[in-house]
Amino acid sequence: AATFALRPRPSAAGGAAPPLPTPCSVEQALRYHADVRAPAPKGLLLMLADACSDGASSARLRHLASPAGKEEYAAHISRDGRGVAELLDDFPSCSPPWSSLLELCPKLTPRYYTISSSPASDPHRAHLTVKVLREPRRGAEARTKEGVCSTQLEGLPAGAPAYVFVRPSFFTLPADPAAPIVMVGPGTGIAPFRAFLRELSTAAVPRPGHVRLYFGCRRPEEDYLYEGELAEHLRSGALSSLRVAFSRAKAQKVYVQHLVAADGAELWGMLQRDAHFYICGGTAMGRDVVGALQRAVAAHGQMSDAAAEGYVKELQAKGRLMQELWS
């Protein structure tokens with residue numbers, strides 16, 4: 001396999017770590033460090049234009065990178081998700097220098113997934129709950145958006161290695177076993193709460209505090225994740241109550257934030273008993289759930305909107321309202 005090595009510039013600050021392993025194979029650099037499917041930045045387009053032997057191809061790339069081509073860049077590159085790999089296929093006369101290509105190509109950023117298991121129940125394995133992203137692009141439905149990491153995981157055969165790392169989570173169970181636990185995790189947002197429940201299920205003595213989960217999905221027969229496990233946790237007592245919102249099962253859409261709003265009085269009572277509130281999932285959902293909780297605090301705590309907002313912020317400051325959200 002072709003390899004290369006990185007040498008620091010004489011003027012470079014001493015001790016700086018190289019951005020890639022060195023020596024490094026070309027395959028390793030492209031597979032694990034360069035995001036060849038990310039929308040190509042304009043500097044990369046200009047470099048590709050310089051590397052084209054065909055004049056029309058060079059002019060087209062320069063136009064996309066120019067102020068005059070701003071709208072075409074937004075549609076053809078940003079909206080359609082065209083990266084350097086596709087552009088090299090589209091412009092076969094382009095033969096860019098390897099060093100320039102590697103320097104200007106977007107860097108592959110890590111994809112974070114919450115571990116959905118507990119070492120208490122699974123001491124030798126870590127489980128992930130991953131949605132394989134493969135869907136029409138917004139505004140360009142004829143093109144498919146594919147998740148870089150989720151599709152790679154999907155394609156790995158059993159027993160194949162994967163490059164991963166673990167970072168600490170700030171989601172932890174309350175120290176006081178009597179404190180109620182409220183978890184809101186629709187879709188793959190259930191991941192940390194599955195971990196919580198698997199840990200609670202191993203306890204010699206059931207937790208005295210109420211444990212409630214709000215889960216949401218489209219239809220019960222389509223994407224009700226861990227349905228059997230949740231039913232078993234209810235039977236064992238590890239889970240005290242389960243509230244499920246099916247957004248497409250009926251004519252009127254129901255989401256987890258609607259259930260939180262409906263349970264406002266009960267949740268206010270739990271907060272008075274030092275409840276800890278956890279939210280995991282999409283950013284918009286998290287915002288709506290916090291809004292529903294804040295309105296419940298105002299209504300059932302007999303507070304003004306400003307006082308309820310301050311109460312919720314105090315919950316966050318004390319670590320009793322924690323969120324893990326993504327866009």
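**Ground rules**

This is a predicted model, in which local features need pLDDT of at least 70 and side-chain atom pairs count only at pLDDT 80 or more, while totals for chains, interfaces and linings use all residues. Residues are numbered from 1 along each chain as its sequence is written, and side-chain values use heavy atoms, with hydrogens and water left out.

**Exercise 1. Work out how α2 sits against α3.**

Step 1: find the helices. α2 covers residues 42-50 and α3 covers residues 55-65; helices here are DSSP runs of H or I with at least four residues, strands are E runs of at least two, and both are numbered from the N terminus.

Step 2: get the geometry. The α2 and α3 axes are 8 Å apart, and the packing angle is about 160 degrees. Axes are lines fitted to C-alpha atoms, for helices over the stretch in contact, and angles run from 0 to 180 degrees between N-to-C directions.

Step 3: name the arrangement. α2 is therefore roughly antiparallel to α3 (under 35 degrees is roughly parallel, over 145 roughly antiparallel, 65 to 115 roughly perpendicular, the rest oblique). The crossing of α2 and α3 is left-handed, meaning that the near helix is turned anticlockwise from the far one by less than a right angle; clockwise would be right-handed.

Step 4: list the contact (heavy atoms within 4.5 Å). From α2 come K42, L45, L46, L48, A49 and D50, and from α3 come S58, L61, R62, L64 and A65. Sorted by class, that is seven nonpolar, one polar and three charged residues. Ala, Val, Leu, Ile, Met, Phe, Trp, Tyr, Cys and Pro count as nonpolar, Asp, Glu, Lys and Arg as charged, and the others, Gly among them, as polar.

Step 5: look at what α2 hides. L44, L45, M47, L48 and A49 of α2 are buried (under 20% relative accessible area; exposed is over 50%, partly exposed in between, with a 1.4 Å probe and protein chains only). The buried α2 residues pack against α3, α4 (70-79), α5 (84-90) and α6 (98-104).

**Exercise 2. Which residues touch the most other members of the largest nonpolar core?**

Step 1: a nonpolar core is a set of buried Ala, Val, Leu, Ile, Met, Phe, Trp, Tyr and Cys residues joined through side-chain atoms within 4.5 Å. In the 26-residue core, the answer is V184, Y214, V260, L271, F277, I279 and V289.

Step 2: see who contributes. The elements giving two or more residues are β5 (181-184), α11 (256-262), α12 (264-272), β8 (276-282), α13 (283-300) and α14 (305-317). α13 gives the most, seven residues.

Step 3: zoom in on F277. Beyond neighbours within four places in sequence, F277 contacts V182, V184, V260, L267, V289, L293, R320, L321 and M322. A second, separate core has 20 residues, including L48, L61, A65 and I77.

**Exercise 3. Are I190, A265 and A142 buried, partly exposed or exposed?**

Step 1: I190 is in the loop between β5 and α8. Its relative accessible area is 1%, so I190 is buried. Setting aside neighbours within four places, I190 touches G185, L213, F215, L225, Y226 and L230.

Step 2: A265 lies in α12 and is partly exposed at 46%. A265 and H300 are 35 residues apart along the chain, with their C-alpha atoms 5.9 Å apart.

Step 3: A142 lies in strand β4 (residues 140-146) and is exposed at 81%.
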